[in-house]
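Subject: Structure for your review

Dear colleague,

Please find below the structure that I am handing over to you, followed by an account of what was found in it. I would be grateful if you could read the notes with the structure open.

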Amino acid sequence: MADASVDKRKLKEVAVLAARWGLRIAPQELVRVWELLGRAPTKVEAYLFDVAWSEHCSYKSSRRILRRYLPTRAPNVVFGPGQDAGVVRLFTEGETSYCVAIAHESHNHPSQVLPLEGAATGIGGIVRDVYCMGADVVAVLDPLRFGATAGENEKRTQAIARGVVEGIWRYANAIGVPNAGGDAYFDECYDDNCLVNVVAVGVVNEGDVVESRAPAAARYQHYVLVLVGKPTDDSGVGGASFASAVLDEEEGAENRAAVQVPDPFLKRVLAVATREVLARARAKGVELGIKDLGAGGLGGAASELCAAAKLGGTVDLDKVPVALEGLEPAVVAVGETQERYVVAAPSYFADEILAVYNDEFELPRVFPGAQATVIGEIMEEKYFRMTARGEVVAEVPLEVISTAPSYRREAQAPAAPLEFVRLKPPADLAETLIELLASPNICSRGPLYEHYDRNVQGNTVIEAGEADAAVLAPWPGKSKAIALACDGNPYIGALDPYAGGAHAVLEACRNVVAVGATPVAVTDCLNFGSPEDPAVFWTFEEAVRGIGDACRGLGLRGTDAPLPVVSGNVSFYNQSTRGVAVKPSPVVCAVGFMEDFALAVTMQFKEAGNPVYLLGRRWGELGASQYYQLRGRLGWPAPMPRFGEERQMHEAVLELVETKCVAAAHDVADGGLAVCLAEMIIGAKGSAALGCDVDVGAVLGSVSPDAALFCENGGFVVEVRRGSAEAAELIMDDAGVDWWRLGEVVEEPRLVVKQGKETLLNVAAAEMAAAWSETLKGYF
């Protein structure tokens with residue numbers, strides 16, 4: 001819709017209306033609402049559209065790009081994007097298909113404004129999304145991006161980081177869900193906009209999946225809407241539209257009011273009670289639809305539940321339990337009070353639902369005013385209607401509320417590529433390695449994840465930090481397991497956004513492969529600045545293109561299908577009124593599957609005398625490397641994504657693990673080969689017992705030693721069991737991968753790297769461990 005087509009008088013009227021009601025919706029969009037309704041919107045309707053047409057909910061700038069580039073279908077996909085969580089089939093035994101449900105979201109703006117509450121409610125919301133699909137939540141992950149650890153904002157950055165981590169552990173630990181990892185980067189571009197991405201993973205049998213829509217049975221049976229959870233208060237009003245705007249420090253009080261308040265203990269009771277409701281529904285053949293009350297509150301969830309089934313609905317706001325007297329209908333309609341679901345259920349089953357929540361699990365005693373209550377019904381008439389105090393306060397045709405505008409944003413590439421930079425090699429490679437190990441983006445994450453319970457539920461096989469991915473065995477009595485990892489390098493994204501998107505997929509998948517799991521699906525969270533900035537939007541489109549190409553380039557093992565993207569989120573406007581936008585920050589979570597968790601491998605070296613191999617050529621592309629970051633440069637070129645090479649490496653490593661050739665494995669990523677070897681020596685806790693003696697002479701080719709050791713081209717280092725070397729080399733040859741036998745594990749805890757007779761570096765493990773362990777100690 002061009003601005004020229006908007007009636008100027010009406011534009012002025014709606015601008016006044018938006019200011020009076022505190023709306024963030026653009027005036028020209030509010031005019032469009034007026035035109036679609038054929039009248040001025042009521043206040044409740046205006047609030048509904050303010051949320052429904054926000055960037056956060058409507059994807060109005062991004063959905064065209066997402067549909068163009070991302071593969072979402074594959075033989076293993078039960079449900080992809082469009083539900084509260086994606087569902088992927090993992091294995092079948094008899095007549096039962098076992099699935100994983102996964103959801104991926106962002107809670108960036110709320111976490112910058114109120115770190116503890118923002119992060120906690122981010123975990124709460126994503127966990128509810130998975131519970132709503134009928135799944136048992138078995139893990140959460142938290143990819144995080146914070147401001148620089150040193151600089152003018154370092155104290156504020158540390159306070160935000162501490163609050164975010166506290167919010168995550170307070171919520172996830174309290175509800176009894178293990179933290180399976182994530183990743184963390186520190187950079188000044190995040191000073192004003194931290195990124196808090198959250199992932200929840202659950203397991204569910206395919207026949208037990210509950211959709212985020214009213215069931216088909218609602219077309220011929222009378223279905224009601226049951227609201228479950230906390231009483232509605234005035235927290236989180238406008239949360240979705242707040243997340244779709246540039247952060248303004250001068251609006252601090254208003255921004256804080258848009259952040260929800262968490263209650264993990266009530267969440268735990270709700271989860272158990274909901275499991276009981278679903279079990280009884282299955283036993284009686286009752287079809288339910290459940291949706292989490294997140295963005296847009298009751299109005300958003302109830303209208304989406306109905307619209308997804310192409311049915312109408314009506315909600316009586318007077319029946320909604322409230323925590324505060326005198327709440328306006330608009331606040332009751334869109335307030336984002338936490339710990340709430342809306343359930344579409346047959347009217348004859350409603351009393352049983354109420355009895356489970358209110359009587360058997362005593363919600364009113366768990367939290368004052370918490371309960372389950374019938375607040376509306378589904379109807380065949382294609383309208384979504386809300387009433388209050390005996391009057392209709394909103395009446396919107398379904399096709400109108402779901403017809404958000406779609407923008408074809410301008411994308412403008414940089415005028416010229418960055419200048420090639422090749423810095424002079426350092427005089428002391430060992431000193432450079434120590435500096436890298438101590439740098440905030442490589443050093444130990446132990447001070448962060450030590451706050452998290454990683455073993456609750458008793459399913460954890462490999463904890464976060466012990467390997468490149470966490471491994472969980474969530475099916476009692478079965479050997480099957482899942483592996484989980486998140487990745488996304490903002491420096492590659494800043495240098496080459498296409499490569500940044502591709503490498504987010506490639507590294508996340510390498511991480512699950514490194515433990516012996518086959519990637520089966522990915523999710524993405526796309527964190528960028530304003531889509532109205534052509535330069536920013538170009539980086540967004542390029543990153544999405546890179547993600548899609550990587551998924552197609554890797555493919556789904558054993559099929560001709562791409563690796564599917566089954567869930568995700570777009571987070572725009574990650575910039576402040578100072579005009580500082582975050583680096584292009586796509587974050588990808590990979591899910592891997594293992595037939596036997598007993599085969600899973602960790603990264604630390606196991607036995608002296610075992611040979612050590614490198615898979616993957618060192619191309620010497622130092623752009624965006626942490627090696628260059630030490631010198632304050634971004635460099636050029638970025639590591640090129642090479643999909644065929646990655647696919648060959650995956651096949652080789654997976655077969656090496658499956659044939660029990662591998663004792664330890666680690667992917668080559670941040671810091672390059674030298675850091676990879678150092679981390680395999682010092683392990684997750686910095687307690688080295690063994691060392692490594694290698695010769696990289698054959699690896700170098702035309703690449704200089706510093707480039708070979710510190711470039712971040714993807715690859716793997718594997719420790720092969722003595723006696724398995726010949727078999728391992730045949731496997732690598734058959735896979736067509738480039739490989740080198742570097743050397744072997746040695747008794748002395750020390751890293752020695754040679755080029756023929758010349759020693760390039762020789763560093764004691766204790767020195768490496770001290771540098772790696774100290775940087776973030778006490779930071780969180």
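Strand 23 (residues 691-695) and strand 26 (residues 750-755) pair in the parallel sense, with four bridges between them. Within this pair, V694 faces V753 of strand 26. Please bear in mind that the model is a predicted one.

Both strands belong to an open sheet of seven strands, arranged in the order 22-24-21-25-23-26-27 with mixed pairing. The edges are taken by strand 22 and strand 27 (758-764); each has a single partner strand, so one side of each is left without a neighbour in the sheet. From one strand to the next, the twist averages 20°.

Two helices lie across strands of this sheet. Helix 23 lies across strand 21 (611-615), strand 22 and strand 24 (715-720), at about 20° to strand 24.

A further open sheet consists of six strands in the order 15-16-17-20-18-19, and its pairing is also mixed. Here strand 15 (460-462) and strand 19 (565-571) are the edge strands; each has a single partner strand, so one side of each lacks a neighbour in the sheet. Neighbouring strands are turned against each other by 20° on average, direction ignored. Strand 18 (residues 518-527) pairs with strand 19 in the parallel sense over six bridges, and V522 stands opposite V565 in strand 19. Helix 21 (residues 534-554) packs on this sheet, where it touches strand 18, strand 19 and strand 20 (585-594); the direction of helix 21 makes about 175° with that of strand 18.

Helix 24 provides the largest share, with five residues. By class, the lining of the largest cavity comprises 23 nonpolar, ten polar and nine charged residues.

The peptide bond from W636 to P637 is cis, with omega near 0°; P637 is located in the loop between helix 22 (626-629) and helix 23 (643-658). R389, although not a glycine, has a positive phi of about 55°. This residue is placed in the loop between strand 13 (383-388) and strand 14 (391-397), and R389 counts as exposed because its relative accessibility is 60%, over the 50% cut-off. Q457 is likewise a residue other than glycine with a positive phi, near 85°. Q457 lies in the loop between helix 18 and strand 15, and is partly exposed, with a relative accessible area of 33%.

With kind regards

Notes:
Residues numbered from 1 in each chain as written. Predicted model: local features only at pLDDT ≥ 70, side-chain atom pairs only at ≥ 80, totals over all residues. Heavy atoms only, no water. Pairing = 2+ DSSP bridges. Axes fitted to C-alpha atoms, helices over the stretch in contact; angles between N-to-C directions. Contact = heavy atoms within 4.5 Å. Nonpolar A, V, L, I, M, F, W, Y, C, P; charged D, E, K, R; others polar. Buried < 20%, exposed > 50% of the residue type's maximum accessible area, 1.4 Å probe, protein only.
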